[in-house]
Amino acid sequence: MTGRLEQRFVALPSGTAERSGPGGHPCQGSYLAPSGRRPRFGVLACHPSVDFSEHYLGPLLAARGLGFLGWNTRYRGNDSTLLVDHALLDVAAGVRWLLEEARVEGVVLLGNSGGGTFLAAYQAQATAGILAPVDDRPFAPGLDALPPGVAFVAVAAHLGRPDVLTAWLDPSVTDETDPSSTDPALDLWAEGRQPPFDPAFLARYRAAQEARNRRITAWVTAERDRRRARGEGERLFLVPRTWADPRMVDASLDPSNRPVPACLAGDPRRANRSAFGLAACSTLRSWLSQWSLQTSPLRADRVLPYVGVPSLVVEADADTGVFPSDVRRFTELLGSADKEYQVLPGDHYFRQPADAREQLADRLVAWLEARFPL
């Protein structure tokens, strides 16, 4: 118990994952609620791989009368083998717990950052069954019985894992097995190249980013087929240099209150040459499931039109990873007749300014109360 809040550790099996030998459950999280009473509605916050069990909005929304489950999929801290269909089953385990154990009347799906399109995919599958199998692997059983949410909230949410990765990919990489290989004609930091960038260069750059994603997908498919012919299974591979969105360097692109140059990992030039980044390590199946432009279901234009519940989209005005045009497009694609787009002061996780998180919590609760008496 924290102050006037009650806290519970929640650990559950999932539809395709049981408790491990040492005793750990595949899905784990933390439930916060006002002490001494049962909330009418519960919020579930989840991301494909980031640990949301102690999400910053948990105590703030619970103190305002909501139940809050900060929930993790089996892939928390390691998305190298992530398969979207299995991750959606993990979300369902948390939603069912809120309905059956916490006994809330309805669940609000809260997608922060990469959780936005991820939970939109969950809602779209739960209500419209729109997802198709990736590759020739059948979907995990149980995807036809996901309990839906009653509302959807996206906070600092991008357009999906394939799209954000592609927007950040360094297209100057000439050899995927050599992180140092560089084509100066496409290098954001080539000698003499300074922002604001030339529109013709940007057009070539964006086209080359998409081409790189598609080249990796083509290699993945060929490598999968080659290994199958040899009777071999999965393999891991690396994707270098994934912090190179021109908007991280050029403040004139997608203007906002963000600092420039900057990315979610600090200095983009340094981060781009580091060992860390989106999709840095992946299996063949996982690439096709979550990162490929051609095959992944985690793309906003593939899932958001099927989200028909009341929806709120919040942009952080100083976000260094999700930019204004992304959030506007996210809102446009939502299929809900009741949708609202708000801009609030804050960085990607609303750490600054000092009252950013309080402002965000107040806005979320006011929006919910106008639709669902709490």
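Mentor: Helices (H or I, at least four residues) and strands (E, at least two) here are DSSP runs, numbered from the N terminus. This is a predicted model, in which local features need pLDDT of at least 70 and side-chain atom pairs count only at pLDDT 80 or more, while totals for chains, interfaces and linings use all residues. Residues are numbered from 1 along each chain as its sequence is written, and side-chain values use heavy atoms, with hydrogens and water left out.

Trainee: Where is P353 found?

Mentor: P353 is in the loop between β10 (339-344) and α10 (356-369). The peptide bond that joins Q352 to P353 is cis, with omega at about -5 degrees. A cis bond also links P195 and P196, with omega of about 0 degrees; P196 sits in the loop between α4 and α5.

Trainee: Which phi does R103 have?

Mentor: Phi of R103 is positive, about 60 degrees, although R103 is not a glycine. R103 belongs to the loop between α2 (84-100) and β5 (106-112). S113, in the loop between β5 and α3 (115-128), likewise is not a glycine and has a positive phi, near 60 degrees.

Trainee: Is S113 buried or exposed?

Mentor: S113 counts as buried, at 8% relative accessibility. R103 is partly exposed, with a relative accessible area of 49%. Buried means under 20% relative accessible area, exposed over 50%, and partly exposed in between (1.4 Å probe, protein chains only).

Trainee: How do I read the packing of α5 and α7, and what is the angle?

Mentor: Two packed helices are described by the angle between their axes and the distance between the axes. Helix α5 (residues 199-229) packs on helix α7 (residues 284-291) at about 145 degrees, with the axes 9 Å apart. Axes are lines fitted to C-alpha atoms over the stretch in contact, and angles run from 0 to 180 degrees between N-to-C directions.

Trainee: Which residues of α7 make the contact?

Mentor: L284, W287, L288 and W291 of α7 meet N213, I216, T217, W219, V220, T221, E223, R224 and R227 of α5 (contact: heavy atoms within 4.5 Å). This contact of α5 with α7 has seven nonpolar, three polar and three charged residues. Ala, Val, Leu, Ile, Met, Phe, Trp, Tyr, Cys and Pro count as nonpolar, Asp, Glu, Lys and Arg as charged, and the others, Gly among them, as polar.

Trainee: Which residues line the largest cavity?

Mentor: The largest cavity, about 40 Å³ in volume, is lined by V134, D135, R137, R285, L288 and S289. By class, this lining has two nonpolar, one polar and three charged residues. The second largest cavity has a volume of about 30 Å³ and is lined by V43, L61, V108, L110, V153, L364 and L368. Its lining has seven nonpolar residues, no polar and no charged, with at least two supplied by each of β5 and α10.

How values were computed: On a 1 Å grid over the protein atoms alone, a cavity is a set of points where a 1.4 Å probe fits but cannot get out, and a pocket is an open set with protein on both sides within 12 Å along at least five of seven lines; lining residues have an atom within 4 Å of a point. Grid points are joined across faces, edges and corners, and a volume is the space filled by probe spheres set on the points.
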